[in-house]
Amino acid sequence: MSSYGKSKKERKHTSVGKSTKANLTLDQLARTTTFTFNHDLGQHILKNPLIVKSIVDKANIRSSDIVLEIGPGTGNLTVKLLEQAKKVVAIEFDVRMVAELQKRVAQTEHAHKLEIIHGDVMKVDFPYFDVCVANLPYQVSSPFTFKLLAHRPLFRSAVLMYQREFALRLIAKPNTPLYCRLSLNAQLLSNVTHLIKVGKNNFRPPPKVESSVIKIEPKNPPPPVNFLEWDGLGRICFQRKNKTFRAIFHNKHVIQLIENNHKTWCSLNNTVPQNINTKEVVDKILQDSGMGEKRATKCDQDDFLKLLALFNQAGIHFTSEATDLGNDEMEDKEEQGDEME
């Protein structure tokens, strides 16, 4: 039957069906994908070609670069990255997406530049890369960000899609409502810039939340700070972020935590624990430094660096299992992105 005798809807369907994937728009490709997206995995395909182009442009990819892409999905970003990079290493958890991406790229001139790793981004060891581009499930935003920043050797930059609120927390400054431990940690290790806002209708299926694209550039060389101790101090201070440091460090549970931290630190460093009055030492540090009446939400990096140095000089440390990144439920509620459903 010729298309002339069919309805307008049927003729349109036939026309799209005869097109090759190389000729489809991103929206058509998303509409004609044959499998159902998995909401549990946070699968939402970026369909707007202008947003895709903007992300690639802002990544400033060089012809000699190896690009690490997280969550390539059906390859809308991947095919554009392949046009500019020396190589793209894509990490994808869903085997159906892996097959779709392989099929899409297989007959193109850039097929030899693509390597796909099938696995969980939080369990896979990252290869060497110069630039990272990611549109990943928002529920792993925080642990992924700090895994990325811990990667060595240091990469040049990362252009990442986040839930809007999480993105705004990353760039928040002291004395603003969204400033938190996430802001403090991210800005210690990197320069963070907000690039573009991305509305929910730019995805298929559309998520429940708005999004933003952020650029992260690791500080090179990294700051000479023990990050576990830094994060341990930040965790204590931001659990009751609107209270004064004096009130926070007078809490008996915090005093007990500091004493346990001291024993753990001594054990790890093969030293004998000092018999000190923790509360008196903490009080003296806060009084002499003038930090006692300050609040976490008002303090910048220099304030926390000063406080950590003074605590360390007095033999107080914050390295323990209790200060491992991501184990604090109260802070996790603020720092984790909501699922993108």
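Author: Let me begin with the naming of elements: helices (H or I, at least four residues) and strands (E, at least two) are DSSP runs, numbered from the N terminus. This is a predicted model, in which local features need pLDDT of at least 70 and side-chain atom pairs count only at pLDDT 80 or more, while totals for chains, interfaces and linings use all residues. Residues are numbered from 1 along each chain as its sequence is written, and side-chain values use heavy atoms, with hydrogens and water left out.

Reader: Which strand gives the most to the lining of the second largest cavity?

Author: That is β6, which supplies three residues; β5 (131-134) and β6 (157-163) each bring at least two. A cavity here is a set of points on a 1 Å grid over the protein atoms alone where a 1.4 Å probe fits but cannot get out, and lining residues have an atom within 4 Å of a point.

Reader: And which residues line the second largest cavity?

Author: The lining is made of Ile55, Leu77, Val133, Ala134, Asn135, Val159, Leu160, Met161 and Val213. By class, eight are nonpolar, one is polar and none is charged, where Ala, Val, Leu, Ile, Met, Phe, Trp, Tyr, Cys and Pro count as nonpolar, Asp, Glu, Lys and Arg as charged, and the others, Gly among them, as polar.

Reader: How much space lies in the largest cavity, and what lines the largest cavity?

Author: The largest cavity holds about 40 Å³, with volume taken as the space filled by probe spheres set on the points, which are joined across faces, edges and corners. Around the largest cavity are Leu149, Arg152, Leu154, Leu189, Pro218, Lys219, Pro222 and Pro223, and this lining divides into six nonpolar, no polar and two charged residues.

Reader: Changing topic, how many aromatic pairs are there in the whole structure?

Author: A search finds eleven aromatic pairs. Rings of Phe, Tyr and Trp (its six-membered ring) pair if their centres lie within 6.5 Å, and planes under 30 degrees apart count as stacked, over 60 as edge-to-face and the rest as tilted. Phe129 and Phe155 form a stacked pair, at 5.2 Å centre to centre with 25° between the planes. This pair links distant parts of the chain, 26 residues apart, as Phe129 is in the loop between β4 (114-118) and β5, and Phe155 in the loop between α6 (141-150) and β6.

Reader: Why is the pair of Tyr179 and Phe238 edge-to-face?

Author: The ring centres of Tyr179 and Phe238 are 5.7 Å apart and the planes stand at 70°, so the pair counts as edge-to-face. Because Tyr179 lies in the loop between α7 (164-171) and α8 (181-189) and Phe238 in helix α9 (residues 227-239), the pair ties together parts that are 59 residues apart in sequence.

Reader: Is Tyr179 buried or exposed?

Author: Tyr179 is buried, with a relative accessible area of 2%, where buried means under 20%, exposed over 50% and partly exposed in between (1.4 Å probe, protein chains only). Phe238 is buried as well, with a relative accessible area of 2%. Both belong to one aromatic cluster, formed by Tyr179, Trp230, Phe238, Phe245 and Phe304.

Reader: Where is Asp94 found?

Author: Asp94 sits in the loop between β3 (87-92) and α5 (95-106), and at 8% relative accessibility Asp94 counts as buried.

Note on methods: On a 1 Å grid over the protein atoms alone, a cavity is a set of points where a 1.4 Å probe fits but cannot get out, and a pocket is an open set with protein on both sides within 12 Å along at least five of seven lines; lining residues have an atom within 4 Å of a point.
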